[in-house]
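Good morning, and thank you for coming.

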Amino acid sequence: MKIRIGIGSDEVHAAPGSFTATVDQLEAAGVDSLWLSEIVYSPQVEPFIGMAHALARTTRLKVGTGVAVLPGRHPVLVAKQLATLAGLAPGRVLPVFGLRPARRRERVLFPVAAGRRAALFDESLRLLRRLLAEDEVSFDGEFHTLDGATIGPRPAKPLDIWLGGSAPSALRRVGRLGDGWLASFLTPEETRRGRRTIEAAAAEAGREVEADHYGISIAVADGDIPARLVSTVRERRPDTDPAEVVPTSWRAARDLINRHIDAGLTKFVVRPAGSARSFREFLDRFTEELLPLQN
C-alpha cells in the first residue's frame with residue numbers, strides 16, 4: 001500500500017500574504033499534498049479558494065480540505081465547486097468533510113436545525129455523491145428537493161469523498177457513506193480500532209473502503225506543546241494526555257507515524273503544532289525526517 005505524507009496549513013504560512021510562497025515551496029520540494037483547514041476566525045485562506053489558487057500554480061501537488069464542514073452548505077454548490085476543481089486539475093483534488101467546525105464558536109456560521117446536523121450530513125453526502133457521479137439528479141429528501149439538477153462536466157472518475165470524526169457514529173458513517181477516513185488526535189491503538197469499526201460498517205452496508213484510504217492529521221511541536229493546542233486536545237479528548245497524540249520532536253513524529261502504519265493507516269497530514277517560525281525550516285525537517293517513510 002502507498003504511504004503518502006502531506007503538509008497541513010497553519011495560521012501564518014496559509015495566510016494570503018504568505019500562501020503563494022508556501023505553495024511554491026511545496027511544489028519545488030516534491031511534497032505529495034497540501035491540506036487546508038477550515039478555520040474561519042483566523043488568517044488562513046478559505047479552503048476552497050485556497051485549493052483553486054494552489055492547484056492553478058502547480059502541476060504535481062495535490063490539495064485537500066482538512067476538514068471542511070458539509071452541513072450548512074448546499075451540496076449542489078459543493079458538487080459544482082469540486083467538479084470544477086477536478087476538471088481544472090484532474091487527480092489532484094482531495095475533499096474531506098466533517099460534521100461541524102473544530103472551533104465551537106464557529107458553529108453558528110454553519111446553521112442547522114437543533115438535533116438534525118447528523119441527519120443533514122448523511123443526506124448531503126448521499127446527494128453530493130450522486131451529483132458527482134450522475135448526469136442529472138432528482139431528489140426528494142428531508143432537507144433537499146431537486147428536479148433534474150446537473151452540474152455540467154463531471155470528473156472522469158468520481159472523486160473520493162473522505163470523512164473526519166472519531167465518535168462511533170462518525171466511524172460508522174465513514175463505512176456507510178465515505179471513501180476514506182482522516183482522523184486526528186488519536187493514538188495508534190485508537191486508529192486500529194477505528195479502522196475495524198469502519199470496515200465492519202462498510203461490510204454491513206455491502207460496500208468497501210479501500211485499504212489505503214485510512215489516514216490521520218498530526219500536529220508536530222518543536223519542544224513544548226503550545227498551550228492553545230493543549231486546550232484543544234483536552235477539550236476534545238479529556239481522557240488523553242496531549243503528549244500521546246502530539247509529538248514534540250521530529251523523531252517522535254516519525255515513531256508515531258510508524259506506529260499508525262502498523263495500525264493500518266497509510267495517509268498522513270503533518271502540520272506545525274503552532275505557528276512555525278520558519279516554514280522553510282519546517283519543510284526542510286519534514287523532507288529530511290518524514291519523506292523517507294513514503295514508498
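Let us begin with a pairing: strand β10, residues 180-184, and β11 run parallel to each other over 4 bridges. Strands here are DSSP runs of E of at least two residues, helices are runs of H or I of at least four residues, and both are numbered from the N terminus. Two strands count as paired if DSSP finds at least two bridges between them.

Before I continue, please note that this is a predicted model, in which local features need pLDDT of at least 70 and side-chain atom pairs count only at pLDDT 80 or more, while totals for chains, interfaces and linings use all residues. Residues are numbered from 1 along each chain as its sequence is written, and side-chain values use heavy atoms, with hydrogens and water left out.

Together, β10, helix α6 (residues 188-204) and β11 form a right-handed β-α-β unit; right-handed means that, with the strands pointing away from the viewer, the path from the first strand over the helix to the second runs clockwise.

β11 also pairs with strand β12, residues 267-272, in parallel through 6 bridges. There, alanine 219 is opposite arginine 271 of β12.

I turn now to the cavities. A cavity is a set of points, on a 1 Å grid over the protein atoms alone, where a 1.4 Å probe fits but cannot get out; lining residues have an atom within 4 Å of a point. Grid points are joined across faces, edges and corners, and a volume is the space filled by probe spheres set on the points. The structure has 2 cavities of 30 Å³ or more.

The largest has a volume of about 50 Å³, and its lining includes Asp10, His13, Phe19 and Pro272.

The second largest cavity holds about 40 Å³. Which element gives the most to its lining? That element is β11, with 4 residues. Among the lining residues are Ile216, Ser217, Ile218 and Ala219, together with Leu256 and His260.

Note on methods. 1 Å grid on protein atoms, 1.4 Å probe; cavity = no way out; pocket = protein on both sides within 12 Å on 5 of 7 lines; lining within 4 Å.
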